[in-house]
Structures are given as structure tokens and as C-alpha cells.
Amino acid sequence: MAKMTTPWSWYRDPAVLEREEDAIFRRTWQYVGVLGEQNALPGWAGRVPVVVVRDDADAERAFVNVCRHRGSILVEEAADRKTLQCGYHAWTYGLDGSLRSAPRAEELGDRSDLSLVEVRLASWGPFRFVNLDGEATPLEEVLGEVPAMLASGGIEVDDLAFHHRVDWEVGANWKIAVENFLECYHCAVAHPGFSSFVETSPDRYRLESGPWHLSQFGQLKEPDGAPLPEGQFHLIWPNTGINVFPGRPNLSIGPILPLVPDRTRRILDYFFAPDEGEEWIAEFLVFDDQVGREDTRLVESVQRGAGSGVIPEGRLLPESEQLVAGFQARLRDALV
């Protein structure tokens with residue numbers, strides 16, 4: 001029997017987004033990115049700006065990316081920094097977070113409480129995550145079986161090379177974007193290119209739930225000795241998506257970030273085998289972009305419809321949309 005969805009008013013109510021910010025995004029691990037050659041990497045924990053830094057001794061730390069003077073963002077783009085200097089009034093912080101200097105500093109008096117606010121930082125291979133909650137479950141436990149599942153499917157994250165980042169916005173609530181990610185019930189209708197080479201029928205497309213992850217597995221229709229005969233698509237609660245398409249080694253990872261109730265920021269970092277040819281990568285990215293454009297149309301349509309406020313809720317298929325139901329159950333537990 002079909003299940004009721006969460007109230008559709010949650011897709012448009014600013015008060016719900018404020019509750020989500022406090023109850024979910026400030027208590028969970030949030031993907032920031034890869035430091036690479038640049039030692040200062042800005043990102044977001046929900047709507048809180050953060051920055052990950054690496055000093056000359058290779059020690060890494062993460063801070064709230066906000067100047068203690070008047071609240072300006074310190075680091076806007078990934079860069080190589082010796083210090084973190086605010087572009088507003090030139091308050092300058094060391095990579096340990098301490099306030100090093102400020103124009104007319106004699107007016108400040110005691111500066112001991114003006115260091116940047118440090119937050120938890122954890123790594124998985126090249127990936128950096130932050131958490132604003134000092135008591136939250138460790139990242140390793142949250143990841144659970146996902147690293148092992150990727151490895152068994154042919155993906156060792158440390159063996160991949162970072163290629164590029166894409167950053168865009170969609171006109172839909174963040175939960176609609178997540179829920180779209182969590183089911184392939186729509187694939188045969190909305191993704192003809194994807195469905196032409198990946199098995200999407202219910203008996204061939206696997207769904208799996210863990211304590212902190214929701215996962216999907218789709219096999220190539222004609223594997224023909226492909227290095228990756230099966231694709232994997234994982235959501236790490238609440239908003240980190242991981243995509244591995246079947247075929248050749250590839251992975252994209254990134255957060256689904258709320259901006260306002262009806263607008264979401266999407267970030268994806270792309271990784272491939274170090275020796276992969278640019279011609280194949282270009283072909284892959286054209287395909288991936290097409291799937292992304294199709295999904296954008298879908299979630300924006302849902303925002304216009306479900307977010308209109310006329311119908312109170314929808315229905316979920318208990319098998320085909322079980323991961324959506326699992327996500328919505330976690331959401332209710334966090335908010336209610």
C-alpha cells in the first residue's frame with residue numbers, strides 16, 4: 001500500500017528550513033571538497049560558510065569562514081594562503097585561526113577571544129568533511145559500508161584524480177532534489193539516454209538502506225568486460241550525493257545545499273582515473289550534463305506543483321520509492 005509523503009508545505013515554508021538548519025545541517029557531516037595544491041578551501045555546512053586550511057606542517061583545520069569583526073566572509077574561492085585576510089577591513093588571521101593583526105588594533109583591547117571559530121574536520125581519502133556539532137557521530141561510522149561497496153565495485157577513491165568542479169542552482173527545495181536522487185522509478189520516462197544502457201527495471205535495479213546511507217545499484221545492459229559493470233549512487237545523510245556511473249572509472253561527489261525554501265545549490269566534484277583520456281571524459285560529461293538537465297526540469301516542476309500549496313501531500317510506492325520513504329522518515333525524526 002502506498003505511503004503518505006511528508007507535508008508538501010515543507011517544500012515552501014521558511015520556518016521549516018530554519019528548523020532544518022538547526023536540527024539537521026548543524027549536526028551532520030557536510031562535504032566541503034578537496035584541498036589539492038591550494039591550502040584554503042571554502043565550503044558550506046548548510047548555510048554556514050566554512051573554510052578548510054592546511055599549514056606548512058601539513059596540519060589541517062576547519063573554521064567558520066566568518067571574520068570576527070563585522071561578519072564578512074574571509075575566503076571566497078580556493079586559494080593558496082599564508083594567512084586569512086578579510087577583504088573588508090584587513091583583519092588577518094593565521095592558519096591556526098588566531099587573529100594576527102588588524103588596522104588600529106590598539107582600539108580593540110584584549111584580542112584573546114577573537115580567533116576564528118574552529119569546527120570538526122574529518123577525511124575520507126581526498127574528501128574533506130566538516131561538522132559543526134562537536135558531539136556528532138564520527139564520519140567513519142556515518143560512511144558505514146559505502147567505501148567498501150565502492151571498492152568492491154572497482155572504485156578506490158585514493159586512486160582517482162580530481163578533474164573539475166561544477167556549481168549551479170536549481171529552482172526547487174533541497175528535499176525535492178534529494179528525493180529525486182533517491183529513486184530511479186522516473187528513469188525510464190525522464191532519462192531515456194541513461195535507461196538505454198543501464199538496467200532500471202525493479203528486478204535489476206537494487207536499493208539498499210543503511211543507518212546513515214541510502215544506496216542504489218544499476219547494472220550495464222551490455223557489460224562487455226567493462227571495468228565497472230555496475231553503477232552506484234549513494235546518499236550520505238542528509239545531503240551528500242555520490243555518483244559512480246557504470247563503464248569506466250568515474251566518481252562525482254557533492255552537497256545538495258539549501259539556499260531559500262524554493263532554491264537549492266548543487267556542487268559536484270568530478271574524479272576519473274589518472275590516465276583516462278580527455279576525449280572519453282568529454283563524452284562522459286556531455287552525457288552527465290544531459291541527465292542533470294533532465295533532473296533539473298523534474299525537480300523544478302515538482303516545486304511549482306507540490307509547492308503551490310493546494311494539495312497537502314502525495315503518495316510513495318512502498319518498494320520503488322523505499323529510499324525516498326527512508327529519507328523522509330529520517331527527516332521527520334530530526335524535526336518532530
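Leaving out its neighbours within four places in sequence, P192 is in contact with C187 and E294. The model is a predicted one. P192 sits in helix α6, which covers residues 192-195. How far apart are P192 and I176 in sequence and in space? They are separated by 16 residues in sequence and by 21 Å in space, C-alpha to C-alpha.

**Helix α4 against helix α7**

I176 belongs to α4, and this helix packs against α7 through a defined set of residues. From α4 come I176, A177 and N180. From α7 come D295, L298, V299, V302 and Q303. By class, this contact has five nonpolar, two polar and one charged residues. The axes of the two helices come within 10 Å and cross at roughly 130°. Angles of 65 to 115 degrees count as roughly perpendicular and those over 145 as roughly antiparallel. α4 and α7 are therefore oblique to each other. The crossing of α4 past α7 is right-handed.

**Helix α1 against helix α8**

On the α1 side, the contact is made by V16, R19, E20, A23 and I24. On the α8 side, it is made by L331, A334 and L335. The contact of α1 with α8 has six nonpolar, no polar and two charged residues.

The two pairs are set out below.

| Helix pair | Residue ranges | Axes come within | Crossing angle |
|---|---|---|---|
| α4 and α7 | 174-181 and 278-306 | 10 Å | roughly 130° |

**The largest pocket**

α7 also takes part in the largest pocket. This pocket holds about 710 Å³ of space. It is lined by 30 residues, and the closest to its centre are L268, D288, V291, G292 and D295. D295 is also one of the α7 residues that meet α4. Which elements supply at least two residues each to the lining of the largest pocket? They are β11 (161-170), α4, β17 (263-272) and α7. α7 gives the most, with nine residues. By class, the lining of the pocket divides into 16 nonpolar, eight polar and six charged residues.

**The cavity**

The structure holds one cavity of 30 Å³ or more. The volume of the largest cavity is about 30 Å³. Its lining is made of Y31, V32, G43, W44, R165, P255, L257 and I267. Two or more of the lining residues come from each of β2 (30-33), β3 (40-45) and β16 (250-260). Six residues of the cavity lining are nonpolar, one is polar and one is charged.

**Backbone exceptions**

Most residues other than glycine have a negative phi, and most peptide bonds are trans. Where is the residue D58 found? D58 is in the loop between β4 (48-54) and β5 (60-64). Its phi is near 70°, a positive value in a residue other than glycine. The other site involves W237 and P238. The peptide bond from W237 to P238 is cis, and its omega is near 0°. P238 lies in the loop between β14 (230-236) and β15 (240-244).

Terms used:
Residues are numbered from 1 along each chain as its sequence is written. This is a predicted model: local features need pLDDT of at least 70, side-chain atom pairs count only at pLDDT 80 or more; totals for chains, interfaces and linings use all residues. Side-chain values use heavy atoms; hydrogens and water are left out. Axes are lines fitted to C-alpha atoms, for helices over the stretch in contact, and angles run from 0 to 180 degrees between N-to-C directions. Helices (H or I, at least four residues) and strands (E, at least two) are DSSP runs, numbered from the N terminus. Angles under 35 degrees count as roughly parallel, over 145 as roughly antiparallel, 65 to 115 as roughly perpendicular and the rest as oblique. A crossing is left-handed if the near helix is turned anticlockwise from the far one by less than a right angle, and right-handed if clockwise. Contact means heavy atoms within 4.5 Å. Ala, Val, Leu, Ile, Met, Phe, Trp, Tyr, Cys and Pro count as nonpolar, Asp, Glu, Lys and Arg as charged, and the others, Gly among them, as polar. On a 1 Å grid over the protein atoms alone, a cavity is a set of points where a 1.4 Å probe fits but cannot get out, and a pocket is an open set with protein on both sides within 12 Å along at least five of seven lines; lining residues have an atom within 4 Å of a point. Grid points are joined across faces, edges and corners, and a volume is the space filled by probe spheres set on the points.
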